[in-house]
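Take a walk through this fold with the coordinates open beside you.

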Amino acid sequence: MRKFWYWLLAVVITLVLSVYQRMTGPTHPKRVNVELNGANYKVRLPRSGVQQDEIVKLKDVPRETEAQLHYRRYPAGGEYSTVDFAWSDGEWQAALPVQPVAGKLQYYLTVGGKDYLADEPVVIRFRNDVPAGILIPHILLMFAAMLFAVYTLMLVLTGREYARWLKITVATLFVGGFILGPLVQHAAFGPWWTGFPLGTDLTDNKTLLSFLFFVAALATLKWKYNKWVVGLAVLFMIVIFSIPHSAYGSEYDYEKQQIGTAR
């Protein structure tokens with residue numbers, strides 16, 4: 001019965017971290033409140049697109065409203081291009097033109113004569129569509145690695161045998177982060193790895209650092225102070241996996257016309 005509570009707590013911690021990472025990540029849609037005639041309208045602005053024009057929608061905004069979409073390449077800068085929103089399928093729609101893989105646009109809105117996010121424009125990055133057969137197992141295994149790591153910590157704190165779950169954590173993290181992870185990266189943007197020493201992708205780098213900590217914990221399994229190493233590895237994983245996903249990742253350089261990593 002005690003194991004049930006360990007697993008329940010591990011699941012709760014994993015879900016909280018997963019939701020936090022998702023909500024704070026640079027690919028999660030940006031929410032903005034549009035005010036018109038004393039009424040508020042919630043608008044979701046996309047920050048990730050595939051290889052087609054990305055449609056920005058103003059749902060529920062009244063039809064008599066005038067609205068414009070302003071965009072430019074990022075980080076290339078330059079003058080903004082402006083397009084009017086058009087009424088289609090019962091809502092206002094405007095298209096952001098598709099960019100090269102890893103290419104970015106920054107954009108803001110004008111609704112009812114008022115600018116929204118002009119000082120802090122939304123940035124959207126374009127990618128290839130990743131096959132579900134690669135993406136879903138990658139996501140599930142990365143969440144599973146976190147779950148197993150937290151459960152291992154529970155066993156450490158309660159003085160129970162934890163070696164088996166430590167090994168499972170390392171194996172899961174390896175497959176999810178270093179086999180399926182590069183496959184997802186390659187499918188989405190082209191490069192297989194954009195972390196150290198090739199780039200600054202925080203997703204790759206935090207996976208690498210976490211794995212090294214767990215390898216150290218596994219290598220010192222027979223050491224009498226190993227439980228401290230395991231505890232440090234799990235706590236480090238929790239901290240770094242709280243870093244938003246996809247930050248400082250692949251970015252198309254419009255001047256060099258090649259993919260690099262975000263500056």
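Start at leucine 58. With a relative accessibility of 0%, leucine 58 counts as buried (buried means under 20% relative accessible area, exposed over 50%, partly exposed in between, with a 1.4 Å probe and protein chains only). This is a predicted model, in which local features need pLDDT of at least 70 and side-chain atom pairs count only at pLDDT 80 or more, while totals for chains, interfaces and linings use all residues. Residues are numbered from 1 along each chain as its sequence is written, and side-chain values use heavy atoms, with hydrogens and water left out.

Leucine 58 sits in strand β4. Helices (H or I, at least four residues) and strands (E, at least two) are DSSP runs, numbered from the N terminus. What surrounds leucine 58? Setting aside neighbours within four places in sequence, leucine 58 is in contact with Val43, Ala67, Phe85, Glu91, Trp92, Leu109 and Val111. Contact here means heavy atoms within 4.5 Å. Proline 121 is 63 residues from leucine 58 along the chain, and their C-alpha atoms are separated by 16 Å.

Now look at the sheet. Strands of a sheet pair through backbone hydrogen bonds, either parallel or antiparallel. Here three strands form an open sheet in the order β4-β8-β7, with antiparallel pairing (two strands pair if DSSP finds at least two bridges between them). β4 and β7 (86–88) are the edge strands, since each pairs on one side only. On average, neighbouring strands of this sheet are turned by 45° against each other, direction ignored. That angle uses axes that are lines fitted to C-alpha atoms, for helices over the stretch in contact, and angles run from 0 to 180 degrees between N-to-C directions.

β4 and β8 run antiparallel and are joined by five bridges. Tryptophan 92 in β8 is the bridge partner of leucine 58. Isoleucine 55 is also placed in β4. Is isoleucine 55 buried or partly exposed? Its relative accessible area is 33%, so isoleucine 55 is partly exposed. Isoleucine 55 and alanine 94 lie 39 residues apart in sequence, yet 5.7 Å apart C-alpha to C-alpha. Beyond neighbours within four places, isoleucine 55 is in contact with Pro46, Gln93, Ala94 and Ala95.

Lysine 57 forms a salt bridge with glutamate 91, with the closest N and O atoms 3.8 Å apart (a salt bridge is a side-chain nitrogen of Lys or Arg within 4 Å of a carboxyl oxygen of Asp or Glu). Lysine 57 lies in β4 (residues 54–58) and glutamate 91 in β8 (residues 91–96), so the pair ties together parts that are 34 residues apart in sequence. Lysine 57 is partly exposed at 35%, whereas glutamate 91 is buried at 11%.

The structure holds three salt bridges. Another joins glutamate 251 and lysine 104, at 2.9 Å from N to O. Glutamate 251 is in β12 (residues 250–253) and lysine 104 in β9 (residues 104–111), so this pair ties together parts 147 residues apart in sequence. Both glutamate 251 and lysine 104 are buried. Aspartate 129 also forms a salt bridge, with arginine 127, at 4.0 Å between the closest N and O atoms. Aspartate 129 counts as exposed at 60%, and arginine 127 as partly exposed at 24%.

Next, a hairpin. Strands β5 (residues 67–74) and β6 (residues 81–84) run antiparallel, joined by four bridges. Tyrosine 71 has serine 81 in β6 as its bridge partner. Six residues lie between the two strands, and glycine 77 in this hairpin takes a positive phi near 80°.

Turn to the helices. In α1, the buried residues include Tyr6, Ala10, Leu17 and Gln21. Their cover includes α2 (132–157), α4 (202–219) and α5 (226–240).

In soluble globular proteins, nonpolar side chains tend to be buried together. The largest nonpolar core has 34 residues, and Leu173, Phe214 and Met237 have the most contacts inside it (such a core is a set of buried Ala, Val, Leu, Ile, Met, Phe, Trp, Tyr and Cys residues joined through side-chain atoms within 4.5 Å). α1, α2, α3 (163–189), α4 and α5 each supply at least two residues of this core. α2 gives the most, with 13 residues. A second, separate core of 24 residues includes Tyr41, Val61, Ile124 and Phe126.
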